[in-house]
Amino acid sequence: MGLLKKAFKNMTKSKDPNSPKYRREMAMSVVGQHIKYVTEKRDDVDEVIGRNGGLNIRGDEFIVYASANVVFRCKIDELQIWELLSRDGVVLTGPDLENGGKERTVIAYYVYYRK
């Protein structure tokens, strides 16, 4: 029964990265991850903007919390999100509500846990 349920879930997943359904599914797939550090590219240099945090959802907002601060906050329906090919982290792009709606791209690297 579990295999059938998983196959049906994969068939109904949204495949359009610009659709709100896809964005919500991606946000739900990474929420709860613990973060080692968060970077942002500034002047062609990746700078660490936070360490030791997590990825959370509150209401309709996706929140990146690191270094005891909210370093990135965006409405889920406006968030572009994709995992790194290595599965070591996630790239988040969208209007950051913590910085007046300025469009930002941050990369959150997960804490490594052997599964």
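1. Buried here means under 20% relative accessible area, exposed over 50%, and partly exposed in between. Arg104, with a relative accessible area of 6%, is therefore buried. The model is a predicted one, and the points below should be read as comments on a prediction.

2. Overall layout. The chain holds 2 helices and 7 strands, and along the sequence the pattern reads α-α-β-β-β-β-β-β-β. Of its 115 residues, 34% count as buried. The chain exposes about 7700 Å², of which carbon and sulfur atoms supply 53%. Among contacts in the chain with a separation of 6 or more, 37% are between residues 24 or more positions apart.

3. The 7 strands form an open sheet in the order 4-3-2-1-7-6-5, and the pairing is antiparallel. Strand 4 and strand 5 are the edge strands, each pairing on one side only. From one strand to the next the twist averages 30°. In general, strands of a sheet pair through backbone hydrogen bonds, either parallel or antiparallel.

4. Pairing of strands 5, 6 and 7. Strand 5 is joined to strand 6 by 4 bridges, and the two run antiparallel. Trp82 has Val91, in strand 6, as its bridge partner. Strand 6 pairs with strand 7 over 8 bridges, again in the antiparallel sense. Asp96 has Lys102 of strand 7 as its bridge partner. Strand 6 and strand 7 form a hairpin with 5 residues between them, and Gly100 in the turn has a positive phi of about 70°.

5. Strand 1 against strand 7. These two strands pair in the antiparallel sense over 5 bridges. At 5% relative accessibility, Thr39 counts as buried. Leaving aside residues up to four places away in sequence, Thr39 touches Glu47, Val48, Ile49, Thr105, Val106, Ile107 and Tyr109.

6. Which residues of helix 2 (residues 20–30) are buried? They are Arg23, Met26, Ala27 and Val30. These residues cover an arc of only 100° around the axis, which puts them on the same side of helix 2. An α-helix has 3.6 residues a turn, so residues three or four places apart point the same way. The cover over the buried residues of helix 2 includes strand 2 (45–58), strand 3, strand 5 (80–83), strand 6 (89–96) and strand 7. Helix 2 packs on the sheet, touching strand 2, strand 3, strand 5, strand 6 and strand 7, and its direction makes about 45° with that of strand 5. After helix 2 comes Gly32, whose phi is positive, near 95°.

7. Salt bridges around Glu40. The whole structure contains 10 salt bridges. Side chains of opposite charge can pair when their charged atoms come close. Arg104 forms a salt bridge with Glu40, with the closest N and O atoms 2.8 Å apart. This pair links distant parts of the chain, since Arg104 is in strand 7 (residues 102–110) and Glu40 in strand 1 (residues 34–42), 64 residues apart. Glu40 counts as buried at 8% relative accessibility, and Arg104 is buried at 6%. Glu40 also meets Arg42 in a salt bridge, at 3.1 Å from N to O. Arg42 counts as partly exposed, at 37% relative accessibility.

8. A second pair. Where do the partners Lys75 and Glu61 lie? Their side chains meet in a salt bridge of 3.8 Å, N to O. Lys75 lies in strand 4 (residues 69–75) and Glu61 in strand 3 (residues 61–66), so the pair ties together parts that are 14 residues apart in sequence. Lys75 is partly exposed, with a relative accessible area of 28%, whereas Glu61 is buried at 13%.

9. Network. Salt bridges that share partners join Glu40, Arg42, Glu47, Asp96 and Arg104 into one network.

Key: Residues numbered from 1 in each chain as written. Predicted model: local features only at pLDDT ≥ 70, side-chain atom pairs only at ≥ 80, totals over all residues. Heavy atoms only, no water. Salt bridge = Lys/Arg side-chain N within 4 Å of Asp/Glu carboxyl O. Buried < 20%, exposed > 50% of the residue type's maximum accessible area, 1.4 Å probe, protein only. Contact = heavy atoms within 4.5 Å. Areas by Shrake-Rupley, 256 points an atom, 1.4 Å probe, with all protein chains shown as cover. Arc of directions from axis to C-beta. Pairing = 2+ DSSP bridges. Axes fitted to C-alpha atoms, helices over the stretch in contact; angles between N-to-C directions.
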